Amino acid sequence: MVESLRLFADRGYAATSVAEIEAAAGLSPGAGGLYRHFRSKEEVLASAIREHIERTSKQISDVLDKATVFEDRPLEIRLRMTCQAGLAKMREEQDLIRVLFRDLDQFPNLVAEMREGIVNPLYDGIATWLSTQPEFAGVDEDWPAIAAILGGAVVNYWLANESMYEPPSHIDEKRFVEGWARLGMGLLRTPVERTPVEGTPVEGTPVEGAPAT
């Protein structure tokens, strides 16, 4: 299904022939082998989407099951890791996202499956992860709304980078991740000392070689 989804992403659903899907899947092009497994080209697309839904469900479950593994690290580090994981997930799903924006308006039922099987669970996973961090214990927040804002920022940054061929305002990924983590840190009721990115001084920290004031 990976091969067929890549064809749909590169060429568009309508422009991709059954023979091309067969060739990509290692079948004899034009011999009708695809129809032994699927009744139509739409079923091929639906199957590919459902594979992604199953994989995403497992990924979210694994992340939440292992959430306590990194609790010994500072919260800001964990937030950066979460943002980086979100960007990595966008890259992983880039073929599916391209098909979504190009062709899935023809298939509202598949859009609904993606929304309920991939998009909403990812936002719910962010909300659950945030709400279970020890530093946020007792913090009264609308975690689903916070997750929509933080998750939406990751989606927008990646989409802008992909569609415009450069990140918004030329903000590179390292700066974006650091800024995203600072937003998350702002949810704390009591400010904590920031954890610097390697090679990046924290505001107020003297820089070697800088004149004393």
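This is a predicted model: local features need pLDDT of at least 70, side-chain atom pairs count only at pLDDT 80 or more; totals for chains, interfaces and linings use all residues.
The largest nonpolar core holds 27 residues. Leu-79, Leu-87, Leu-130, Phe-136 and Trp-143 touch the most other members. Four helices each supply at least two of its residues: α4 (75–92), α6 (108–131), α7 (143–164) and α8 (173–185). The largest share of this core, 7 residues, comes from α7. Beyond its neighbours up to four places away in sequence, Leu-79 touches Trp-129, Leu-130, Trp-180, Ala-181, Gly-184 and Met-185. Another core, of 22 residues, lies apart from the largest one. Its members include Val-44, Leu-45, Leu-110 and Met-114. In soluble globular proteins, nonpolar side chains tend to be buried together.

Ser-4 sits in helix α1, which spans residues 2–11. The relative accessible area of Ser-4 is 4%, so this residue counts as buried. Leaving aside neighbours within four places in sequence, Ser-4 is in contact with Ile-21, Val-44 and Ala-48. Among these, Val-44 is also a member of the 22-residue core.

Helices α3 (41–65), α4, α5 (94–103), α6 and α7 each supply at least two lining residues. The largest share of the lining, 10 residues, comes from α4. By class, the lining has 25 nonpolar, 5 polar and 5 charged residues.

The count of salt bridges comes to 16. One of them joins the side chains of Arg-50 and Glu-113, at 2.7 Å from N to O. Arg-50 lies in helix α3 and Glu-113 in helix α6, so this pair ties together parts that are 63 residues apart in sequence. Both partners are partly exposed: Arg-50 has 39% relative accessibility, and Glu-113 has a relative accessible area of 24%.

Arg-182 is partly exposed, at 40% relative accessibility. Glu-178, by contrast, is buried, because its relative accessible area is 10% and the limit for burial is under 20%.

The side chains of Arg-115 and Glu-116 also meet in a salt bridge, at 3.2 Å from N to O. Arg-115 is partly exposed, with 39% relative accessibility. Finally, a network of salt bridges links Arg-6, Asp-10, Asp-95 and Arg-98.

How values were computed:
Residues are numbered from 1 along each chain as its sequence is written. Side-chain values use heavy atoms; hydrogens and water are left out. A nonpolar core is a set of buried Ala, Val, Leu, Ile, Met, Phe, Trp, Tyr and Cys residues joined through side-chain atoms within 4.5 Å. Buried means under 20% relative accessible area, exposed over 50%, partly exposed in between (1.4 Å probe, protein chains only). Contact means heavy atoms within 4.5 Å. Ala, Val, Leu, Ile, Met, Phe, Trp, Tyr, Cys and Pro count as nonpolar, Asp, Glu, Lys and Arg as charged, and the others, Gly among them, as polar. A salt bridge is a side-chain nitrogen of Lys or Arg within 4 Å of a carboxyl oxygen of Asp or Glu.
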